Amino acid sequence: MNPNSATSQRCDVLIVGLGGVGSAACYALAKQGYRVVGIDQFDPPHRMGSSHGDTRIIRKSYFEHPNYVPLLIRAYELWKTLEFEVDKQLYFPTGLLEIGPPDGVVLSGVARSAAEHSLPIETMSMQKAIERYPGIAGSDAWQAILEKDAGYLLVEECVAAHLQQARKLGVQIRVNERMLRWHADKHGVEIQTQRETLQADKLILCAGPWASQALSSYPIPLKVLRKHLYWYECPSACYSQDQGFPCFFYETPSGYYYGFPDHSRQGLKVARHSGGQIVSDPPIGQHTPDPQDRRLVEEFLASYLPEVSLQLRNWSGCYYTMTPDEHFILDRLPDAPNVVVVAGLSGHGFKFTSVLGQIASELAIEGHSKLDIDFLSIRRFLGSLR
Ligand SMILES: Cc1cc2nc3c(=O)[nH]c(=O)nc-3n(C[C@H](O)[C@H](O)[C@H](O)COP(=O)(O)OP(=O)(O)OC[C@H]3O[C@@H](n4cnc5c(N)ncnc54)[C@H](O)[C@@H]3O)c2cc1C
């Protein structure tokens, strides 16, 4: 494929889904001079899928698996480049305090990734953590790990920045246009939308919670969970970002909870990472609150962040798209290698979207990535298609 070949109706790469991943893929390909058409059923950044709600945690000492760390190092570099290009702060290095039993999933996983990749972390007793951050609580038997090189990204602003740069570089962005079906063979790919038929050499499918619909002929066991974000009043300044309060992630006997310091007087944002209601087909419409989820979050606050007022200021619904092992799918389809799939980000994918866009572009153009992504292969779920 020649990135500088003359313009024709057929483009080099079609990208379906312009949320976190798709917006970054548009930008990565456009930067290399490829002719790209990106399509979304809504007008991103929007509130229907998985990339909204003000902020997303970004961290490097990855408890989920040390294999993610090289991807994260590249993701940090790419976010920095994007910030420079759009002249806007997208990443806020507040630090992240991870709290729980020292032999639990989180703390032992953070320590393992940090040791394998020589990443700086600070481990402290719970008592020391409470002295440093008055306003937190936890069992005396727990510990805390502070990762200074962690913080949050402004989620909608990141999607908007990738799309803005992609448009500047000539990507045709089609919004409020839904892909109905796609077809691939050795000559290329074709998609049918409500309005038109489009052809290209390659297709990148990054449909977020709608991935199962886009991949309906593949037996990929994705599960969509409805999740909830809450913002609570903070009468005390102890949770303020201006006072140095960090992002936090707790492993508790009733599950994982995480949140963000009060910034711009919006209140403390908190959510339950565990749990969630299964949604068989993500509805195209408004999210609905879940009183049971809210009750658990307020019990968490009362126990571990007791200075937060339980006066709810804001709420938002969102979707996680889970794979059975909770690791991403990032691969070409074995029987259609001109189709790249990025799916099943399992509730921890946003921080990676800058690098996932770049890797998706490499898979589409070169057929492989410079980064090691074997552990994210789609083949682990495809049984007979292997
Ligand atoms: C409450 C919550 C908190 C989270 N917290 C964190 C966090 O702190 N850190 C972190 O790293 N990650 C976090 N995540 C996960 C992260 O936000 C997601 O993994 C990531 O945003 C997913 O991006 P995506 O591009 O796959 O999906 P989306 O951003 O949802 O994009 C998919 C897009 O595809 C479009 N689409 C789908 N089907 C079609 C079609 N047929 N035709 C046209 N368009 C289509 C949709 O309209 C949508 O715009 C969180 C997620 C949630 C819900």
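Buried means under 20% relative accessible area, exposed over 50%, and partly exposed in between (1.4 Å probe, protein chains only). Helices (H or I, at least four residues) and strands (E, at least two) are DSSP runs, numbered from the N terminus. The model is predicted, so local features need pLDDT of at least 70 and side-chain atom pairs count only at pLDDT 80 or more, while totals for chains, interfaces and linings use all residues. Residues are numbered from 1 along each chain as its sequence is written, and side-chain values use heavy atoms, with hydrogens and water left out.

**Exercise 1. Describe how strand 5 is covered and which strands it pairs with.**

Step 1. Start with burial: five of the five residues of strand 5 (residues 96–100) are buried.

Step 2. Look for partners; two strands pair if DSSP finds at least two bridges between them. Strand 5 runs antiparallel to strand 7 (residues 143–147), with five bridges, and L97 has L146 as its bridge partner there.

Step 3. Strand 14 runs parallel to strand 5 and is joined to it by four bridges. In this pairing, L96 stands opposite C247.

**Exercise 2. Work out the strand order of the open three-stranded sheet, and find the helix that packs on it.**

Step 1. The order is 3-8-4, with antiparallel pairing.

Step 2. Strand 3 (55–58) and strand 4 (91–92) are at the edges with a single partner strand each, so one side of each has no neighbour in the sheet.

Step 3. Between strand 4 and strand 8 (residues 151–154) there are two bridges, in the antiparallel sense. Y91 has L153 of strand 8 as its bridge partner.

Step 4. Helix 5 (residues 155–168) packs on this sheet and touches strand 3 and strand 8, where contact means heavy atoms within 4.5 Å. The direction of helix 5 makes about 50° with that of strand 8; axes are lines fitted to C-alpha atoms, for helices over the stretch in contact, and angles run from 0 to 180 degrees between N-to-C directions.

**Exercise 3. Check the span of helix 7 and say what covers its buried residues.**

Step 1. The expected span of a helix is 1.5 Å times one less than its number of residues. For the 14 residues of helix 7 (residues 291–304) that should give 20 Å, and the end C-alpha atoms are 20 Å apart, which agrees.

Step 2. Its buried residues are D293, L296, V297, E298, F300, L301 and Y304.

Step 3. Their cover includes strand 13 (223–232), strand 14 (247–252), strand 15 (255–260) and strand 16 (268–272).

**Exercise 4. How are helix 2 and helix 8 oriented to each other?**

Step 1. Two packed helices are described by the angle between their axes and the distance between the axes. For helix 2 (residues 69–86) and helix 8 (residues 353–365), the angle is about 100° and the axes are 7 Å apart.

Step 2. Angles under 35 degrees count as roughly parallel, over 145 as roughly antiparallel, 65 to 115 as roughly perpendicular and the rest as oblique. Helix 2 and helix 8 are therefore roughly perpendicular.

Step 3. At the meeting place, L71, R74, A75, L78 and W79 of helix 2 face T353, S354, V355, Q358 and I359 of helix 8.

**Exercise 5. Compare S264 with S346: is each buried or exposed?**

Step 1. Most residues other than glycine have a negative phi, and most peptide bonds are trans. Phi is positive in S264, near 55°, and in S346, about 55°.

Step 2. S264 is exposed, with a relative accessible area of 61%, whereas S346 is buried, at 2%.

Step 3. Leaving aside neighbours within four places in sequence, S346 is in contact with T321, M322, T323, E326 and H327.
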